[in-house]
Amino acid sequence: MFRKTSLATRTFLIITLVTATTWTAFPFYWGIITSLKDRENVNLWFSVGLPFLHYTPTLENWIGELLLPEMQHALLNSITTAFVSTVFCMVIGSLAGYALARFRFERIPNRDITIWFFSLRVLPPVAVAIPFFIMMKTLGLLDTRTALVLSYTTFNLPFAVIIMRSFFLELPPEMEEAALVDGYTRFGAFFRVALPLSAPALVSTALICLAAAWNEFLFALLLSSKNAITIPVLISGGEHSRGVEFWMVATRGMLAILPPALMALLVQRFIVRGLTFGAVKG
Amino acid sequence: MATITLKNVTKCYTKGLPVVKNFSLDVADREFVVFLGPSGCGKTTVLRMIAGLEDITEGQIHIDGALVNEMAPRDRDVAMVFQNYAIYPHLTVYGNLAFGLKARKVPKPEMDERVKSVAKMLGIDRYLERKPRYLSGGERQRVALGRAIVREPKAFLMDEPLSNLDAKLRVHMRFELSQLRRKLGITTVYVTHDQVEALTLGDRLVLMNAGEIQQVADPVTIYSRPANVFVASFVGSPSMNFFDAQVVRENGALWLAGEVFKIRTTPNVAGLDAHVGKPVVCGVRPEAVALVEHAAFQNRSELLDARIDDVEPVGENQLIYASCGKILFVARKEVASGALVRHAVIGKNVRITFDMDQIHIFDKGTEQAIHSP
């Protein structure tokens, strides 16, 4: 590719690529090296000093954070709320999406239901922050993981419904009809044919719901005070009277990135298109 | 083994015109019935109503004597073969064949035996462990057929099962289907828009147009005695030649008077007396039209002046396109008796004649047949 381009284009390309890569990768680099520093070394070399060369890296921060009860509690809260709400979203979302794609509703047309789900998706969550707070207070759920699971499910469900609906719309209905004629109920056709074929869509949607719940800050801040604090809320509380403790913020930031990143790596083989190839083409 | 009975079945989609109107049909046990008609004539809808995949707006469907209007597809014990195969891509060939048996809780050893014997019969036993995406079109079609056969259902419903195959493979699979139906002898309803498939496979043909039955008859009758203009024009390739005429009585004989010609009817053309003075539609198949020098008809008609527009070679036949006034006639001529040289005859003035033993006459208004040979 380079051989046929002029020097100017080549230079431009290289500069652009280097800038873009640096821009994207630098925060991670900074986070990692800072998390390996002790507090004396934080500001060395304008905070970008290289480990081993400019300072001796240490796992002290990581060990300290992981042993911190608040951290353990927040990690547990984040993991439970994100996973449980994602499971709810996927179970309800795939069923609702399937119903919207396959059945015709008489009283309220399918299109209107879909648009209603979509409207929930574009609604700014902050608009319902106070009503949610009052509802949770009335239900006695303030500062509980249940409150967070409920609110995350509320906000991620429309996304799951819309994505799964459009996936099922693309899936040829004949395969499920074949299952119906072959002796299965609608649920049988859904679980044995439609659902296995929608694995890529299910996995991608679940990952996005998981990430959204994992990163959620507004409702976590609003609805939790002590027991139900999640990682984002914990990180934001990293500024103390002693000033910003960068080594701690960096460690917590990296800790927050790790679980979703590992998740994505684990399931990436499912996120492949073309699983339906060969079903209906000649 | 079962009969299928449809009584005045009508299907309307909400706020729409009926797509199937007053459809009544009795399919006998072990019979192979073919629904034939143009795209959108409602033939697939009828099939899907028999399968239970579409609700019935009005009327009744009985399978093996039992009313199935409200019965779920899984309880009707019919098997369906879809146009696009609809085999399960996430299952192996074995899984596809065994899928319906699993639903019916057939014990494992029996299931194994049935799947293997059907796979063997269809020549796909080598692919049992393969996923459908590694199979060719013909093999997928066999899997789809196998999935239906292995269930040993009361009836097969086939929705244009061969239309996705290429021409050569289609002819081959048509032959195999024909063999299979003889071997299995299961009641079958087969939908197609391909008249060759219909004429070769069916015990009886149901010709449909615009949601209505046009004619129900065996293939020979459909071809030789079409009930109306639609059936006459739909079956046969190339299509029957039609021309408008008026029945007139002159010199004690009945004549068919067209715009530029007049043909005297022969005594074998019956039933026209009631139509004197009325307009009719006459039809002759290409094989009953010939240039006068080739005509070997026993009872040939008056000669018509025409001009040759084109000659098409079609294997052992030549199709001669000759226009007579505004009417374009197609004549089929066997090449064996000497081929026409295309560039030498185009534009030539010729005289054509019909075989009066092969003429069809339809009422202009109702389009129903008045006389068939």
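Predicted model: local features only at pLDDT ≥ 70, side-chain atom pairs only at ≥ 80, totals over all residues.
I will start with chain B as a whole. Along its principal axes, the C-alpha trace of chain B spans about 80 × 45 × 35 Å. Chain B has 373 residues, and 42% of them count as buried. If we take the contacts in chain B with a separation of 6 or more, 65% come from residues 24 or more positions apart.

Next, the domains. The assignment for chain B gives domain 1 as 4-234 and domain 2 as 241-371. How far apart do the C-alpha centres of these two domains of chain B lie? The distance is 39 Å. As for the contact between them, six residues of domain 1 of chain B meet seven residues of domain 2 of chain B. On the domain 1 side of that contact, five residues are nonpolar, one is polar and none is charged.

Now the stretch around B:Pro238. This residue sits in the loop between helix H8 (229-234) and strand E11 (241-250) of chain B.

E11(B) and E12(B) make a hairpin with two residues between them. In the turn of that hairpin, B:Asn251 has a positive phi of about 50°.

That brings me to two other residues of chain B with positive phi. B:Asp64 is not a glycine, yet its phi is near 55°. It is placed in the loop between strand E4 (58-63) and strand E5 (66-67) of chain B. B:Tyr85, again not a glycine, has a positive phi of about 70°. B:Tyr85 belongs to the loop between strand E6 (78-81) and helix H2 (93-103) of chain B.

Which of the classes, buried, partly exposed or exposed, does B:Asp64 fall into? B:Asp64 counts as partly exposed, because it has 17 C-beta neighbours inside 10 Å, and a residue needs 20 or more to be buried. B:Tyr85 has 30 other C-beta atoms within 10 Å, so it is buried.

Last, the contact between the chains. It takes 22 residues from chain A and 25 residues from chain B. On the chain A side, the elements that give two or more residues are helix H7 (174-182) and helix H8 (186-197) of chain A. Which element gives the most to that side? It is H7(A), with seven residues. By type, the chain A side divides into 13 nonpolar, six polar and three charged residues. I have described this interface by residues; the size of an interface is often given as the accessible area lost when the parts come together.

Note on methods: Residues numbered from 1 in each chain as written. Chains lettered and ligands numbered in written order. Helix = DSSP H or I, 4+ residues; strand = E, 2+ residues; numbered from the N terminus. Buried ≥ 20, exposed ≤ 12 C-beta atoms within 10 Å, placed from the backbone. Pairing = 2+ DSSP bridges. Domains from an automatic or database assignment. Contact = placed C-beta atoms within 7 Å. Nonpolar A, V, L, I, M, F, W, Y, C, P; charged D, E, K, R; others polar.
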